[in-house]
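Subject: Handover of the structure

Hello,

Here is the structure I promised to pass on. Please open it first, then read my notes below.

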Amino acid sequence: MPFESIENMARGNEFLDLGCCAQFRFANYYGDHMVLQKEPSCAILWGYGTPGANVTVTVSLEQNFTMKEIAEVRADSKWKVILRPIAPGGPYRIEARQCYEQEVSNVTLNDVYFGDVWLCSGQSNMEMTVSQIFNASQELAEAKQYPLVRVFAAGLVESDAELEELGAIDLPWSVPTAENLGHGDFRYFSAVCWLFGRHLFDALQHPIGLIDSTWGGTPIEAWSSNRVLHECGLSKDTQRNLSLVPNGGPKSPSVLWNAMIHPFADMTLRGAIWYQGEENTHMNTDLYNCTFPTLIEDWRRTFHEGSMRQTQLYFPFGFVQLCTNHHIAPDDNFARIRWHQTADFGYAPNKKMPNTFMAVTIDLGDNSSPYGSIHPRDKQSVAYRLYLGALAVAYGKKSLVFQGPYPQTVEVNAQLGLIKVTYNEPIELRQLNDNIFEVCCSDQPVCKWSPVSMKVSMYYSVFLLNTVCPKTVGGLRYAWMEWPCEYMLCPLYNVQNLPAPPFITFAKDNPAWIIW
């Protein structure tokens with residue numbers, strides 16, 4: 001069935017049972033030039049055939065026999081094999097042969113490598129292609145230097161039912177070229193995904209497979225299964241109202257989970273990265289501290305079970321904390337989403353979001369971006385910060401610093417009107433700022449935030465001058481605004497040039513506060 005027909009059926013919200021009458025084949029997201037997950041996990045191969053037929057899968061390297069696996073086509077026309085663990089490398093030739101009565105059918109995958117497979121998803125900032133970012137010409141020209149970083153892009157399809165395989169494919173598995181990394185604005189290939197994978201290859205020196213499944217202007221609810229929405233208390237009425245929000249991509253609940261994530265569930269993955277949240281500054285903002293960690297948990301469980309437990313149950317999951325949009329905003333929705341992206345901890349990983357890592361981007365604002373200030377062009381810094389997190393969390397570089405400094409204690413000296421904020425690592429002060437820190441006075445019936453001045457920093461600590469309410473400080477927050485600082489000029493970084501993330505903390509019942 002042509003991709004166009006499949007896409008039309010999916011948009012018509014019909015369940016696609018592609019296996020009922022299918023010829024013998026692999027599922028449609030397998031192909032020449034692909035990367036399959038290397039050892040210690042086992043890669044999964046599956047497809048469609050004649051019910052009751054025997055399927056033999058042979059994996060060979062340079063004409064030498066490597067391994068053979070056998071399966072039977074089930075009544076639903078699907079077959080599936082689990083390969084034994086294979087070391088990184090290639091190119092491999094994989095042949096699947098079906099024998100049914102007197103008929104024999106063969107399908108072959110060529111130029112297949114084993115390495116690490118990463119899924120990249122989210123909305124338009126993950127969708128931005130390499131041709132849209134800073135230094136695009138050089139980045140595109142360097143693509144040919146990375147023939148073992150293979151790329152794949154899912155097509156834009158939505159569905160009301162979970163699909164078994166993709167309704168459309170924009171870019172089949174390919175060796176990277178300038179053309180397929182910059183195929184039009186917001187098309188393919190994802191710049192953040194590509195640059196992240198390139199960093200991984202440079203560090204690990206083994207093949208990397210990148211899957212781009214993104215759609216701009218979409219809320220988290222569209223990428224979430226019904227299980228996630230139910231867990232977070234989204235009623236049927238609330239879910240229906242999502243589709244009424246104008247502009248952008250699909251808003252209806254679960255339609256992108258169904259069509260653009262669920263089809264990959266039987267594949268073995270190494271990890272995932274996510275850049276989304278801008279759309280949820282307009283809808284269900286204060287549910288994001290539930291929907292996001294629950295989405296991570298649900299994706300993990302689904303991929304673990306779909307891959308017959310070959311994808312780790314707690315596979316590494318990286319995400320980008322929102323950047324900036326407007327200098328002056330009517331609300332604090334961007335700040336609240338940033339906080340909720342961490343499940344209200346302020347950092348990752350944390351107890352509610354284990355084995356995650358976060359790239360802070362509040363210092364990467366781009367007011368002159370031709371794609372609008374909500375689409376900053378410095379995706380190199382985004383990808384590098386994600387890569388540091390992946391090295392530490394996914395690849396065991398435990399001593400690697402991958403996030404900026406985070407406060408450990410808040411000490412209030414009421415007599416001197418000073419607040420001392422002590423961080424978990426040495427801080428680098430880039431500039432003093434009179435409004436990025438704010439206090440809330442505990443004697444107010446409703447918390448009203450007022451700026452306090454930064455006076456000096458000393459090694460682990462920054463000192464604030466509080467003339468607003470020196471004796472009644474009830475709360476403190478940092479960078480709690482849509483555009484906290486200019487490009488690379490937030491006040492606080494660590495020695496690794498990673499910015500301190502936003503935070504909010506309250507004195508009441510908080511052992512981290514010392515008031516005297």
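A term to begin with: a residue is buried under 20% relative accessible area, exposed over 50%, and partly exposed in between (1.4 Å probe, protein chains only). The model is predicted, so local features need pLDDT of at least 70 and side-chain atom pairs count only at pLDDT 80 or more, while totals for chains, interfaces and linings use all residues. Residues are numbered from 1 along each chain as its sequence is written, and side-chain values use heavy atoms, with hydrogens and water left out.

Asn 135 is partly exposed, because its relative accessibility is 44%. It has a positive phi, near 60°, and is not a glycine. Asn 135 sits in the loop between helix H2 (124-127) and helix H3 (136-141). Helices (H or I, at least four residues) and strands (E, at least two) are DSSP runs, numbered from the N terminus.

Ser 254 also has a positive phi, about 70°, without being a glycine. Its place is the loop between H7 and helix H8 (255-261). Ser 254 counts as buried, because its relative accessibility is 2%. Why look at these values? Most residues other than glycine have a negative phi, and most peptide bonds are trans.

Two cis peptide bonds

Pro 91 belongs to strand S7 (residues 89-100). Another cis bond runs from Ala 348 to Pro 349, with omega near 0°. Pro 349 is in the loop between H10 and strand S14 (356-359).

The cores

A nonpolar core is a set of buried Ala, Val, Leu, Ile, Met, Phe, Trp, Tyr and Cys residues joined through side-chain atoms within 4.5 Å. The largest one here has 110 residues. Among those with the most contacts inside it are Tyr 30, Trp 274, Phe 437 and Leu 476. Strand S8 (residues 103-122) gives the most to this core: seven residues. A second, separate core has 45 residues, including Tyr 188 and Val 393.

Now take Leu 476. Contact means heavy atoms within 4.5 Å. Not counting residues up to four places away in sequence, Leu 476 touches residues including Val 410, Phe 437, Trp 449, Phe 503 and Trp 513.

The disulfides

How many disulfides does the structure hold? There are five. A disulfide is a pair of cysteine sulfur atoms within 2.5 Å. With bonded cysteines counted along the chain, the pattern is 1-2, 3-4, 5-7, 6-8, 9-10.

- Cys 120 and Cys 193 are bonded, with sulfur atoms 2.1 Å apart. The torsion about their S-S bond is about 65°, so this disulfide is right-handed. Cys 120 lies in strand S8 and Cys 193 in helix H5 (residues 191-204), so the pair ties together parts that are 73 residues apart in sequence. Both cysteines, Cys 120 and Cys 193, are buried.
- Cys 232 and Cys 290 are bonded too, again with sulfur atoms 2.1 Å apart. Their link is left-handed, with -90° about the S-S bond. Cys 232 is in the loop between helix H6 (226-231) and helix H7 (236-242), and Cys 290 is in helix H9 (residues 288-306), 58 residues apart.
- Cys 440 is joined to Cys 447, S to S 1.8 Å. Cys 440 is buried at 6% relative accessibility, whereas Cys 447 is partly exposed at 32%.

Cys 323 is buried, with a relative accessible area of 4%.

An enclosed helix and a buried alanine

Eight of the eight residues of helix H10 (residues 333-340) are buried, so the helix is largely enclosed by the rest of the structure. Among them are Phe 334, Arg 336 and Trp 339. The buried residues of H10 pack against H9 and strand S23 (503-506).

Ala 222 is in the loop between strand S11 (208-214) and H6. It counts as buried, at 0% relative accessibility. The C-alpha atoms of Ala 222 and Trp 257 are separated by 6.4 Å, and these residues are 35 residues apart along the chain. Leaving aside neighbours within four places in sequence, Ala 222 is in contact with residues including Pro 250, Ser 254 and Trp 257.

Best wishes
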